[in-house]
Amino acid sequence: MLKLVKPSRRYLDAFIKAMDDYKADENHYGRGGIDPLIQAIEENRVDEYLKKLSDGAKGIGLKEGRVPGTRLWLLDGDEFVGSFEIRHRLTPKLEKIGGHIAANIAPKYRGKYSSFIGIKLCLVEANKLGLDRVLMTCDVNNSASYRGILGLMKLYGGEQITDSEVDGVKSHRVWVNTKK
Ligand SMILES: CC(C)(COP(=O)(O)OP(=O)(O)OC[C@H]1O[C@@H](n2cnc3c(N)ncnc32)[C@H](O)[C@@H]1OP(=O)(O)O)[C@@H](O)C(=O)NCCC(=O)NCCS
């Protein structure tokens, strides 16, 4: 059964098992939840990294223009399935690209509805954060993500709005309610 957990040392071995796959991954899109973790492991700075995540959720020490975000890891038993981030609010840029929830699925779990299930679980967390609906975006070339997001919109209600374009990257944008 898949579950979302707060990043902690307890789950680090699960990530380390998936790390080589991530490093060999050709897909370099949306790696903000992954590359800094790989770097922290390799440089022996994991505690510092985890502290940065918990501070970031509280809005402490954020880079200019960043809003608080909750990072969650999706696990299947002791296997690492993916990393998710729920931003607590939008910025003008996140309205165009990024939205409220970012997802990155481990290579071997792709194409198995992992993102769909992970986002469903994130909707519960987003609701607890006070969000009635979340904006989901995906690159127009990412048809698997797009199908997933449309599926969530059908299930929970919501609406699709016009595609955006930032620096030549076009994104589909869909609002999804956090409760049915
Ligand atoms: C925006 C996104 C594409 C960028 O991902 P990334 O390459 O991993 O890079 P980062 O997470 O470091 O974020 C890059 C930019 O996103 C925005 N962003 C990310 N997190 C943010 C936050 N907490 N507050 C404000 N802006 C944020 C910023 O503009 C940031 O640029 P900056 O570092 O110069 O401030 C990715 O985070 C994302 O949200 N993708 C949405 C697609 C997706 O996952 N959809 C669901 C799939 S089903």
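Guide: Welcome! One definition before we start: a residue counts as buried under 20% relative accessible area, as exposed over 50%, and as partly exposed in between. Please also keep in mind that this is a predicted model.

Visitor: Which residue does Arg133 form a salt bridge with?

Guide: First the general idea: side chains of opposite charge can pair when their charged atoms come close. In this structure, Arg133 pairs with Glu159, and their closest N and O atoms are 3.7 Å apart.

Visitor: How many salt bridges does the structure hold?

Guide: There are 15 salt bridges in the structure. Let us look at one of them, between Arg9 and Asp47, where the closest N and O atoms are 2.9 Å apart. Arg9 sits in the loop between strand S1 (2-5) and H1, while Asp47 sits in helix H3 (residues 46-58), so parts that are 38 residues apart in sequence are tied together by this pair. With a relative accessible area of 45%, Arg9 is partly exposed.

Visitor: And what do the side chains of Glu79 and Lys108 meet in?

Guide: Glu79 and Lys108 meet in a salt bridge as well, at 3.0 Å from N to O. Glu79 is in strand S3 (residues 79-87) and Lys108 is in the loop between strand S4 (101-105) and helix H5 (114-128), so the pair ties together parts that are 29 residues apart in sequence. Glu79 is partly exposed at 25% relative accessibility, and Lys108 is partly exposed with a relative accessible area of 47%.

Visitor: Which residues are linked with Glu79 and Lys108 in a network of salt bridges?

Guide: Lys17 and Asp78 join Glu79 and Lys108 in that network.

Visitor: Let me turn to helices. How do I read the way H1 and H2 pack?

Guide: In general, two packed helices are described by the angle between their axes and the distance between the axes. Here helix H1 (residues 12-24) packs against helix H2 (residues 35-42) at an angle of about 110°, and the axes are 11 Å apart. That makes the two helices, H1 and H2, roughly perpendicular. The crossing in which H1 passes H2 is left-handed.

Visitor: Which residues meet where H1 and H2 touch?

Guide: From H1 come Leu12, Phe15, Ile16, Met19, Tyr22 and Lys23, and they meet Leu37, Ile38, Ile41 and Glu42 of H2. Sorted by class, this contact has eight nonpolar residues, no polar ones and two charged ones.

Visitor: At what angle do H5 and H6 pack?

Guide: H5 and helix H6 (residues 143-156) pack at about 45°, with axes 10 Å apart. These two helices are therefore oblique to each other. Their crossing is right-handed. In the contact, Phe116, Ile119, Lys120 and Leu123 of H5 meet Gly148, Gly151, Leu152, Leu155 and Tyr156 of H6. The classes here are six nonpolar, two polar and one charged.

Visitor: One more: is Val166 buried or exposed?

Guide: Val166, in strand S6, is buried, with 17% relative accessibility. Leaving aside neighbours within four places in sequence, Val166 is in contact with Lys96 and Ile97. Now compare Val166 with Phe15: their C-alpha atoms are 31 Å apart in space, and the two are 151 residues apart in sequence.

Technical notes:
Residues are numbered from 1 along each chain as its sequence is written. This is a predicted model: local features need pLDDT of at least 70, side-chain atom pairs count only at pLDDT 80 or more; totals for chains, interfaces and linings use all residues. Side-chain values use heavy atoms; hydrogens and water are left out. Axes are lines fitted to C-alpha atoms, for helices over the stretch in contact, and angles run from 0 to 180 degrees between N-to-C directions. Helices (H or I, at least four residues) and strands (E, at least two) are DSSP runs, numbered from the N terminus. Angles under 35 degrees count as roughly parallel, over 145 as roughly antiparallel, 65 to 115 as roughly perpendicular and the rest as oblique. A crossing is left-handed if the near helix is turned anticlockwise from the far one by less than a right angle, and right-handed if clockwise. Contact means heavy atoms within 4.5 Å. Ala, Val, Leu, Ile, Met, Phe, Trp, Tyr, Cys and Pro count as nonpolar, Asp, Glu, Lys and Arg as charged, and the others, Gly among them, as polar. A salt bridge is a side-chain nitrogen of Lys or Arg within 4 Å of a carboxyl oxygen of Asp or Glu. Buried means under 20% relative accessible area, exposed over 50%, partly exposed in between (1.4 Å probe, protein chains only).
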